[in-house]
Amino acid sequence: MNQKIIVDPITRIEGHLRVEVVVDENNIVKEAYAGSTLWRGIEVIVKGRDPRDAGFMTQRICGVCTFSHYKAGIVAVENALGITPPLNALLTRTLMNAALFLHDHIVHFYQLHGLDWADVVSALSADVKKASDIAFDYTSNPYATGADKLLEVQQRLKTFVDKGNLGPFANAYYGHPTYRLSPEQNLIVLSHYLECLRIQRTIAQCMAIFGAKNPHPQSLTVGGVTCVMDLLSPSRMGEYMSKFQEVADFVNRAYYPDLVMAAKAYANEASVLNDAGVSNLYTFKEFQLGRNEWLFESGIIKNGDLSKVYEVDEDKITEEATHSWYADNEAFHPYDGKTNPNYTGLIDGESIDHKGNKVSSKVFDTKGKYSWIKAPRYDGEPMQVGPLANIVINYAKGNKNVIPVVDEFLKETGLPLNAIFSTLGRTAARCLEAKIVANNALRAFDNLVENLKIDQSTCAPYVIDNSKEYKGHYMGHVPRGALSHWCRIKNGVIENWQAVVPSTWNASPKDAKGVGGSYEQCLIGLKIADVKQPLEIIRKIHSYDPCIACAVHVMDTKGNNLSEYKVNVNL
């Protein structure tokens, strides 16, 4: 007899993501639906605005990956108007982007995804000396794993437990049968979890050095960057370099060894293997290191076939809304996309509660519309985007920055290359991407320093003819995958804007052909050990690092104003 499990919200950050699965009498997932319950609407907000303002508004799509949408909004306008920023500006943007990537990836692994892999409570029974010794199995220079440090961490955890409130570690399924780390390994992860809280502040400061603040930096402008004095200050430049190196050290001595440790421990755990989701992969070049050099390259892989990488054809990208809460169902190219909401709501149904009892619930209308996320398609097919796609495509293309890191990881873990097509693989690829960025981003720093010696320009002039019509886009790779922004400009203002974001690709509802996105597809066939504790579902979805604020935004379904603000610009 089939039963429905609802996980809502499923994210630990930027929520509004709901997953419903139908399981059979053996607790195997037969069907899955992923939907977002809030609307974005940023495309409506920027209409009629001066193109120079777009980036400042689009970065408000999200409070996590603010720089990604800021840069996208700026570059889309530059592309439309044919403006090429000076090399100094492009390299500065790379350094800011590197800070964002490292911040996103370390926070995802520890604060957002780590409790899916580590049973924190079991760390209370860990042998501290044994744990300190085990850390050397994964690196010759462990980070914050001395016996005295681990004892301190264990005592801090005991304080939470004794109070009867686990604080940041609450609401996890501790003791679940699919956890695979030993108590000692869990203690190591917990130590790095706490260290990450400090390190993430350091990498945020790297962003603020050139961006004035973080989140929502403010130094990008159409044509270049405005942080001229920071670029010409040896102390500010040196501060970025030293802070970045501190974070890179954490990536190499904590994050990467923990990933190797987890990969070995979960190498035979069925619930994190063989769940590719969508095996069509898409990524776009990112991280300009020099005048004609990029860290990552673009590409398309079809049906998981690594023997052939296709070039990206932007004309093949569309979005449709058959099962999305919008009025226009047709598959539009983003330049022609429409954002007209048509909310039809949830319907009456049944699901299993946390005690395993069947109860009446509001559920998705799976035969109609059930998500605020649209369904992006490439040549009519769903795509998976993210670090997995980026690493696999660049490995298949022979990228010299990627191949040694992937080969080293596979050698250390004993995993085959095809193991990357899984929940474990998505989590691993994110770490590998962070390691590659950490070890290469300062090449852009060195090139910036050298170029500033002969050229101190940071911005190209803004030129627009209000009598002409323009269209342009940004396409790139951000922490959660392939991102694109598309704009049309008419009469000197924005006429249309569409953002096709990574979590829209991956969290796509079913399209007109009934084919779902990667979230939905990766859950099919999953066996759940305990329907009252669906950790396996959460672990799989978290492996994509879902950021649903990027895909949606808030609205009032009755059309009422939620609030109004007046800013006194003279203060």
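Visitor: What ground rules apply to the model and its numbering?
Guide: Residues count from 1 along each chain as its sequence is written, and side-chain values use heavy atoms, leaving out hydrogens and water. In this predicted model local features need pLDDT of at least 70, side-chain atom pairs count only at pLDDT 80 or more, and totals for chains, interfaces and linings use all residues.

Visitor: How many disulfides are there?
Guide: A disulfide is a pair of cysteine sulfur atoms within 2.5 Å. Cysteine pairs meeting this rule come to a count of 0. Cys522 is in no disulfide, and its nearest cysteine sulfur, that of Cys547, is 18 Å away. The count is 0 disulfides.

Visitor: Is Cys547 buried or exposed?
Guide: Buried means under 20% relative accessible area, exposed over 50%, and partly exposed in between (1.4 Å probe, protein chains only). The relative accessibility of Cys547 is 0%, so Cys547 is buried.

Visitor: What is the strand order of the open sheet of 3 strands?
Guide: Strands (E, at least two residues) and helices (H or I, at least four) are DSSP runs, numbered from the N terminus. Two strands pair if DSSP finds at least two bridges between them. Here β14 and β16 are the edge strands, each pairing on one side only. The pairing is antiparallel, and the order is β14-β15-β16.

Visitor: Which residue in β15 is the bridge partner of Tyr470?
Guide: Strands β14 and β15 run antiparallel, joined by 9 bridges. The partner of Tyr470 in β15 is Ile489.

Visitor: Which helix packs on the sheet?
Guide: Contact means heavy atoms within 4.5 Å. Axes are lines fitted to C-alpha atoms, for helices over the stretch in contact, with angles from 0 to 180 degrees between N-to-C directions. The helix touches β14, β15 and β16, and its direction makes about 145 degrees with that of β14. It is α3, residues 66–81.

Visitor: Where does Tyr462 lie?
Guide: Tyr462 is partly exposed, at 21% relative accessibility. Among the residues Tyr462 touches are Asp50, Arg52 and Val222. Tyr462 lies in the loop between α13 and β14.

Key. Lists of a residue's contacts leave out its neighbours within four places in sequence.
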